[in-house]
Every structure is written in structure tokens, then in C-alpha cells.
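Thank you for asking for a second reading.

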Amino acid sequence: MKTIACICASLSLLTSPLFAVHADEFTLSSPDISPNATIPARFEANTFGCHGDNQSPELRWSGAPLATQSYALTVYDPDAPTGSGWWHWMVINIPATTTHLPANAGALGDKGLPPGASQVRIDYGVKAWGGTCPPVGDKPHRYIFTLYALKTAKLEVPAEATAAVGGFMINANAIAKASFTGYYGRAAQQ
């Protein structure tokens with residue numbers, strides 16, 4: 001009977017308002033992109049018929065769990081007409097002391113990233129930010145920016161791994177995540 005009472009007390013603690021407030025604190029935001037709004041055209045790719053600056057936006061976060069040992073970041077378009085979506089950015093091994101990435105941190109060569117962090121090959125075939133570039137005339141695509149708090153200081157992802165491998169390793173080690181979605185479309189030419 002004491003065991004059942006202890007389990008019930010533990011469950012009530014997990015559902016208490018105090019725990020819920022702490023669980024909701026982990027946030028990801030960008031001064032460049034408002035949640036659920038249109039992504040500015042400057043973040044568009046400069047390939048596949050797109051003509052943007054292909055620079056990643058500034059990102060900021062706070063409220064990660066105390067057990068966080070590192071972060072990983074992904075940007076994913078589930079609406080891409082591929083059957084599996086499109087990975088636009090993946091960064092791993094971001095130190096736990098980091099609370100933001102500056103604009104254009106996704107440049108080739110990892111120069112804009114904190115020491116130790118690295119980019120995983122995305123669907124454009126590069127280890128860098130790959131800007132928005134939905135097909136002309138499609139409804140605006142969703143671009144989901146997600147920051148993962150990880151239980152390990154370093155993910156051992158092979159140098160030539162795909163984003164699918166990176167995503168598997170991230171999800172296997174995630175203890176929390178924060179995200180927001182931006183939208184981007186290219187109108188059909190008249």
C-alpha cells in the first residue's frame with residue numbers, strides 16, 4: 001500500500017503546476033522570423049531557381065533543462081514534394097553554455113558556430129544552411145526550427161552521415177525540445 005501511495009505522490013508532483021511551468025520554459029526564438037509568420041525573402045536559397053542571400057537567421061533560446069549537456073538544431077520542411085520532406089539545416093554538438101547562434105552561423109565551414117559544433121549534410125548536399133526554396137506555385141511550406149536539449153556532451157555522427165542519421169542520433173539523446181514554425185512560398189509567375 002505504501003508503494004502505491006508513493007507512486008501516486010510522484011505522479012501528482014509531475015502533474016503539478018510547478019512542474020508544468022518548468023517544462024514550458026524551454027523556448028526557441030528568432031529576431032528575424034516571427035512564429036507562424038512569413039519568413040523574409042533574404043533567407044531564401046540561391047540555387048534551384050531561388051535568388052535569396054542563403055544566410056541562416058539569428059536564433060536565441062532559454063530555459064533548457066538543468067541536465068542539458070549539449071544542443072542540436074534542425075530546420076525541416078515537411079511539405080517538400082519528396083515523400084520525405086527536406087532538411088534545410090542540422091547542427092550538432094552545440095555547447096550547453098550557448099544561448100544563441102548569430103545570423104549566418106550556417107555558412108560553409110562551421111566558422112559561424114561555437115567551438116565544437118558542426119553541421120550535418122543536409123538535402124542540398126552540403127554541410128551548411130540551405131535556404132527556403134519551395135516550388136513556384138505551391139502553397140507556403142512550413143519550416144520547422146527545432147532546438148533539442150541533449151543528455152550527452154557530444155553526438156558521434158560520422159563525418160559523411162546523412163540528415164536522417166543525424167536526426168536519429170539527436171532524437172535518441174533528446175531530453176527536451178523547443179520549436180517554432182515559419183512559412184514561405186513562391187507565387188506562380190503571371
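1. Helices (H or I, at least four residues) and strands (E, at least two) are taken here as DSSP runs, numbered from the N terminus. On that basis the protein chain contains three helices and eight strands, and their order along the sequence is α-α-β-β-β-β-β-β-β-α-β.

2. A word on provenance is in place before the details. This is a predicted model, in which local features need pLDDT of at least 70 and side-chain atom pairs count only at pLDDT 80 or more, whereas totals for chains, interfaces and linings use all residues. Residues are numbered from 1 along each chain as its sequence is written, and side-chain values use heavy atoms, with hydrogens and water left out.

3. How much of the protein chain is buried? Of its 190 residues, 40% are buried, where buried means under 20% relative accessible area, exposed means over 50%, and partly exposed lies in between (1.4 Å probe, protein chains only). The protein chain exposes about 10,100 Å², and carbon and sulfur atoms supply 58% of that area; accessible areas come from the Shrake-Rupley method with a 1.4 Å probe, and for residues only the protein chains shown count as cover. Contact means heavy atoms within 4.5 Å, and among contacts between residues at least 6 apart in sequence, 70% join residues at least 24 apart.

4. The structure holds one disulfide, a term that stands for a pair of cysteine sulfur atoms within 2.5 Å. Cys50 and Cys133 form this disulfide, with their sulfur atoms 2.0 Å apart. The torsion about their S-S bond is about 95°, so the disulfide is right-handed. The pair links distant parts of the chain, since Cys50 sits in the loop between strand E1 (27-29) and strand E2 (59-62), while Cys133 sits in the loop between strand E6 (118-119) and E7, 83 residues apart. Both Cys50 and Cys133 are buried.

5. The next matter is the open space. Rolling a probe the size of a water molecule over the atoms shows where empty space is left. The work is done on a 1 Å grid over the protein atoms alone: a cavity is a set of points where a 1.4 Å probe fits but cannot get out, a pocket is an open set with protein on both sides within 12 Å along at least five of seven lines, and lining residues have an atom within 4 Å of a point. Grid points are joined across faces, edges and corners, and a volume is the space filled by probe spheres set on the points.

6. The largest pocket has a volume of about 190 Å³. It is lined by 13 residues, of which Asn54, Val126, Ala128, Trp129 and Gly130 are the closest to its centre. The lining comprises seven nonpolar, six polar and no charged residues; in this scheme Ala, Val, Leu, Ile, Met, Phe, Trp, Tyr, Cys and Pro count as nonpolar, Asp, Glu, Lys and Arg as charged, and the others, Gly among them, as polar.

7. The second largest pocket holds about 160 Å³ of space. Among the 13 residues that line this pocket, the closest to its centre are Ala80, Pro81, Trp86, Cys133 and Pro135. Strand E4 (86-95) and strand E7 (141-150) are the elements that give two or more residues to the lining, which by class has nine nonpolar, three polar and one charged residues.

8. Leaving aside residues up to four places away in sequence, Thr74 touches Trp87, Trp89, Met90, Ile144, Phe145, Thr146, Tyr148 and Ile170. Gly166, in helix H3 (residues 163-173), is likewise buried, at 0% relative accessibility. The C-alpha atoms of Gly166 and Thr74 are separated by 9.5 Å, although the two are 92 residues apart along the chain.

9. Phe48, in the loop between E1 and E2, has a positive phi of about 55° although it is not a glycine, and Phe48 is exposed, with a relative accessible area of 57%. Asn104, in the loop between strand E5 (100-101) and E6, has a positive phi of about 65° and is not a glycine either; at 29% relative accessibility, Asn104 counts as partly exposed.
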